[in-house]
Amino acid sequence: MFHSVRSFQSFQQIFKRQYTAKAKRSLLKQDENKIKVYEPKVSNPFKKRVYVWGLQETGALGIFADVKKAKECFTSIVHHPTRLQFSVNNEILDVTAGYGFSAFAVKRSDGETLFGSGLNTDSQLGFQVRDRTQGTHNLDVIIYPTAIRLPRIEGETDHDMMVRCMSAGRAHLVVVTRNGTIFTMGNNSYGQCGRSIIEDEVYRGSAVIHRISQNDICGSDDEIVNVVCGQDHTMFLTKLGKVYTCGWGSDGQTGLGHYNATGAIAQAMGDISGEQIIKLACSCDCVLALNKNGDLFGWGNSEYGQLSDSNESNTQINTPMHLKLAQGIGKLTDVGAGGSFCMALNEEGMVYTWGYGILGFGPLVEQSSKPQRLLPPLFGRNDFSNATVVVSIGCGVFHMGAINSDGDLFMWGKNRFGHLGLGHKKDQFFPFKTAINGKVTKVAYGVDHTIALCKSFM
């Protein structure tokens, strides 16, 4: 009897296995054409994403279209990178961040090429009104990106008005279009808009957008390829590597050999005369410049040893000079200049910082008279990604940032307004990765907010 039971169980198991296997094979063969294949949605590789974070109270982030919500206390600071809805509906080409305001270069079918949001107390975002039917009262705060209409002359096309480059200062905005026209708007108390200084000029509610031809600056044989604004001065870089400046010069930041304010745009000479400058960096009143050979030059404020490691050197340098303190760190490819510190990137992807402030070496190191190297693991290099290097750097007035070859952004420095994007307002003493859902290509470092231009992972 026991033998019969075991035989029946064995037969049942064999039969069950055969039946189950046969059923599976039959099922798969029968429904093979019904199996859904997952096809991931691939984003347009040419369309840029924009993420913003930091102080929202000024409207600079442009993420709220509702005035009541924008004024609520819990939305005054955005601690994490947040995708700008405006960039979902518009193709963003470039971004810049001023002191509490932002500007966006766009490509649209309606011909509008420039938008802005944030503070407009000095008409740095043009003349903006709430409702023209109710009177022309200027808006001091713009909470959502609004078109800035650049004045055209007869014959200028939408393509001519596309933005080539732009930059924002404390309360002024400078835009260079593709046809070589420069538009300046906002505060001109020190001549930073490239026009004559008018005593007691009222900037609030001003409709003045100054127009300059690049031929009037650099002649017909050259062209402007970049513009960089300091706090209250403006610098133009040309294709041939020449530098032209105007604005406030009390610390020598215009590099024109004097400490005066001027609205006349003139060429900076000194040690950069005859050099082909390829990069300018400034966020306040200290300026760094790179030539095509990777040599470093500087002028402006050097109160914290940004431009010289000698105790006997001048703290306000009004003429560009070759900086010896950067010798020995290799050929440089990028530079950044903050309010009291500087940073440099060499061709090996190594980051160096010096000056005074949070330099990235921890809470116990706040001053260095010579460039000191930050270790590569701080920027994402490890055993699984040993080829990762830093490819771009930049500075705000109180913080620094670096983008690595994987498209990751690392930030450190003062964080009063949450503009490091780390989820809090505590100061960050070492480079720390900011969580952004995209590969970062460019960062605009404002004094109280940050804008990142990204491309999608897929």
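**Side-chain pairs and what lies behind them**

Modeller: Let's begin with arginine 108, which makes a salt bridge to aspartate 110, with 2.6 Å between the closest N and O atoms. A salt bridge here is a side-chain nitrogen of Lys or Arg within 4 Å of a carboxyl oxygen of Asp or Glu. Please keep in mind that this is a predicted model, so local features need pLDDT of at least 70, side-chain atom pairs count only at pLDDT 80 or more, and totals for chains, interfaces and linings use all residues. Residues are numbered from 1 along each chain as its sequence is written, and side-chain values use heavy atoms, with hydrogens and water left out.

In total, the structure holds 13 salt bridges. Another one joins arginine 204 to aspartate 140 at 2.4 Å, N to O. This pair links distant parts of the chain, 64 residues apart: arginine 204 sits in the loop between β9 and β10, and aspartate 140 in the loop between β5 and β6. Helices (H or I, at least four residues) and strands (E, at least two) are DSSP runs, numbered from the N terminus. Arginine 204 is exposed, at 57% relative accessible area.

Glutamate 156 and arginine 211 also form a salt bridge, at 2.3 Å from N to O. Glutamate 156 belongs to the loop between β6 and β7 (163–168) and arginine 211 to strand β10, so this bridge ties together parts that are 55 residues apart in sequence. Glutamate 156 is buried at 13% relative accessibility, while arginine 211 is partly exposed at 28%. There is a network too: Arg164, Glu223 and Lys239 are joined by salt bridges that share partners.

Aspartate 251 is a case without such a bridge. This residue is buried, and the nearest side chain of opposite charge, arginine 170, is 9.7 Å away. For charge, Lys and Arg count as positive and Asp and Glu as negative, with His and the chain ends not counted. Aspartate 251 lies in the loop between β13 (243–247) and β14 (262–267). The side chain of aspartate 251 does make a polar contact of 2.6 Å with that of glutamine 316. A polar contact is a pair of N or O atoms within 3.5 Å; within protein, one must be able to donate a hydrogen and the other to accept it, and residues adjacent in sequence count only if both atoms are side-chain atoms. Leaving out residues up to four places away in sequence, the contacts of aspartate 251 (heavy atoms within 4.5 Å) include Tyr259, Asp285 and Glu303.

Now to the rings. There are seven aromatic pairs, where rings of Phe, Tyr and Trp (its six-membered ring) pair if their centres lie within 6.5 Å; planes under 30 degrees apart count as stacked, over 60 as edge-to-face and the rest as tilted. Phenylalanine 86 and tyrosine 144 are edge-to-face, with centres 6.2 Å apart and planes at 90°. Phenylalanine 86 is in helix α3 (residues 85–89) and tyrosine 144 in strand β6, so the pair connects parts that are 58 residues apart in sequence. Phenylalanine 86 is buried at 3%, whereas tyrosine 144 is partly exposed at 26%. Tyrosine 190 and tryptophan 248, by contrast, are stacked, at 4.6 Å centre to centre with 15° between the planes. Ring pairs also gather Phe86, Phe104, Phe115 and Tyr144 into a cluster.

Finally, the interior. A nonpolar core is a set of buried Ala, Val, Leu, Ile, Met, Phe, Trp, Tyr and Cys residues joined through side-chain atoms within 4.5 Å. The largest has 32 residues, and those touching the most other members are Val243, Ile277, Leu280, Leu288, Leu296 and Trp299. Elements giving two or more residues to this core include β12 (233–238), β15 (277–281) and β17 (296–301), and β16 gives the most, with five. Beyond residues up to four places away in sequence, valine 243 touches Phe236, Ala266, Ile272 and Trp299, among others. A second, separate core has 29 residues, including Trp53, Ala97, Ala147 and Ala444.

Technical notes:
Buried < 20%, exposed > 50% of the residue type's maximum accessible area, 1.4 Å probe, protein only.
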